[in-house]
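My entries follow in the order I made them.

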Amino acid sequence: MSSSFEKYQKRRLISSYFSVVISISLVLFLLGLLGLLVLNSKKVADYFKEQIAITVFLKDTAKEVEITQLKQSLALAEYTKSATFVSKEDAAKEHQETLGENFIEYLGENPLQNSIDVYILADYVTPAKMEEITNELKSKDFVDDVIYDKPLIAQLTENVKRISFWVLVVSGIFTFIAVLLINSSIRLSIYAKRFTIKTMQMVGATKKFIRKPFVWKSVRLGIVGAIVAMIGMGVVLYYLNESFPQLQLLGDPLLLAVLFIFIFLMGVLITWISTFIATQRFLNLRTDDLYY
């Protein structure tokens, strides 16, 4: 009978440890995913910003040397990500493929113009800077017009600010919730051993001596939970990088290393503090209060 009871207690203990590890790993995993979102939110926003192009339409009277100089100056400009020259013939072919018919035969001539598509670096994709670039290009005599999607730029800039603000707010709230959830799991684990704690105290063990094994056990569980969470984060990060290589999610290893270290330290720190507080609470309780 004694052997059966010991096996039952051992199964309960293993089940308790398993549930604590799962709770810690899930919470840290979700916290890590949120951290990935925070770290890569700028990359995602920059990616969409850099898909917007300024189109420079050139006059038919523009000389070859002027076009060449403009292409070179745009390629070297600090705000340029890439610049592509599109001849009126290439533009006509593209329109024909889109429309599905030869509009040149219908019109008798090619009404399109030579142009240069300039893709701007994300830091310069703001209404003020885009307007400044546009005015600079329009000042050239051989440039007929310069266009870009103004409403889209304004909306994108505003949305990026709004999303960045709410991501930070949600991150703060979720971090607080993560601490509470892990703390609750640890407290429930310690609660199941409250009588053991009080018994050790009654036979003369010091508080420090009683706390030590509980703290180290919880820290080890926190480490295991953090490792499981980091493995999950690594799998998700690898999958996202394979699915969206243009975002370059693995482009900054140092920043990712900091995030993984942060998750690991969170697992250790929260479990240590939670266990310390929980054991201290039961150590300070009277024996009669343990039953409530």
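**Entry 1. Helix H7 against helix H8**

In which hand, left-handed or right-handed, does H7 pass H8? I find that the crossing is right-handed; a crossing is left-handed if the near helix is turned anticlockwise from the far one by less than a right angle, and right-handed if clockwise. I note here that this is a predicted model, where local features need pLDDT of at least 70, side-chain atom pairs count only at pLDDT 80 or more, and totals for chains, interfaces and linings use all residues. Residues are numbered from 1 along each chain as its sequence is written, and side-chain values use heavy atoms, with hydrogens and water left out.

The axes of helix H7 (residues 194-202) and helix H8 (residues 207-243) come within 9 Å and cross at roughly 150°. Axes are lines fitted to C-alpha atoms, for helices over the stretch in contact, and angles run from 0 to 180 degrees between N-to-C directions. The angle makes H7 roughly antiparallel to H8 (under 35 degrees is roughly parallel, over 145 roughly antiparallel, 65 to 115 roughly perpendicular, the rest oblique). On the H7 side I list Ile197, Met200 and Gln201, and on the H8 side Lys207, Phe209, Ile210 and Phe214, as the residues that make the contact. Contact means heavy atoms within 4.5 Å.

**Entry 2. The chain overall**

I count nine helices and four strands in the protein chain; helices (H or I, at least four residues) and strands (E, at least two) are DSSP runs, numbered from the N terminus. Along the sequence the pattern reads α-β-α-β-α-α-β-α-β-α-α-α-α. Of the 292 residues, 35% count as buried (buried is under 20% relative accessible area, exposed over 50%, partly exposed in between, with a 1.4 Å probe and protein chains only). I also looked at contacts between residues at least 6 apart in sequence, and 82% of them join residues at least 24 apart.

**Entry 3. Aromatic rings**

How many aromatic pairs does a search of the whole structure find? The search gives three. Rings of Phe, Tyr and Trp (its six-membered ring) pair if their centres lie within 6.5 Å; planes under 30 degrees apart count as stacked, over 60 as edge-to-face and the rest as tilted.

One of the pairs is Tyr79 with Tyr124, whose ring centres are 6.4 Å apart with planes at 65°, so I logged it as edge-to-face. Tyr79 lies in the loop between helix H2 (64-76) and strand E2 (80-86), and Tyr124 in the loop between strand E3 (115-120) and helix H5 (127-138), so the pair ties together parts that are 45 residues apart in sequence. Tyr79 is buried, at 8% relative accessible area.

I also logged Trp272 and Phe276 as a stacked pair, 5.6 Å centre to centre with 20° between the planes. Both residues lie in helix H9 (residues 253-284), four residues apart, about one turn of the helix. Trp272 is partly exposed at 41% relative accessibility, and Phe276 is partly exposed at 31%.

**Entry 4. Lysines over rings**

The charged end of Lys129 sits over the ring of Tyr124, 5.1 Å from its centre. The charged end of Lys71 sits over the ring of Phe85, at 4.8 Å from the ring centre. For this, NZ of Lys or CZ of Arg has to be within 6 Å of the ring centre and within 35 degrees of the ring normal.

**Entry 5. Single residues**

I looked up two leucines in helix H6 (residues 150-191), starting with Leu168. Leu168 is exposed, at 56% relative accessibility, and its C-alpha is 7.4 Å from that of Val38, 130 residues away along the chain. Leu181 is also in H6 and is partly exposed at 44%.

Not counting residues up to four places away in sequence, Ile270 touches Val179 and Ile182. Ile270 and Val179 are 91 residues apart in sequence and 6.5 Å apart C-alpha to C-alpha.

Asn241 is in helix H8 and is buried at 17%. Leaving aside neighbours within four places in sequence, I see Asn241 in contact with Gln248, Leu249 and Leu250.
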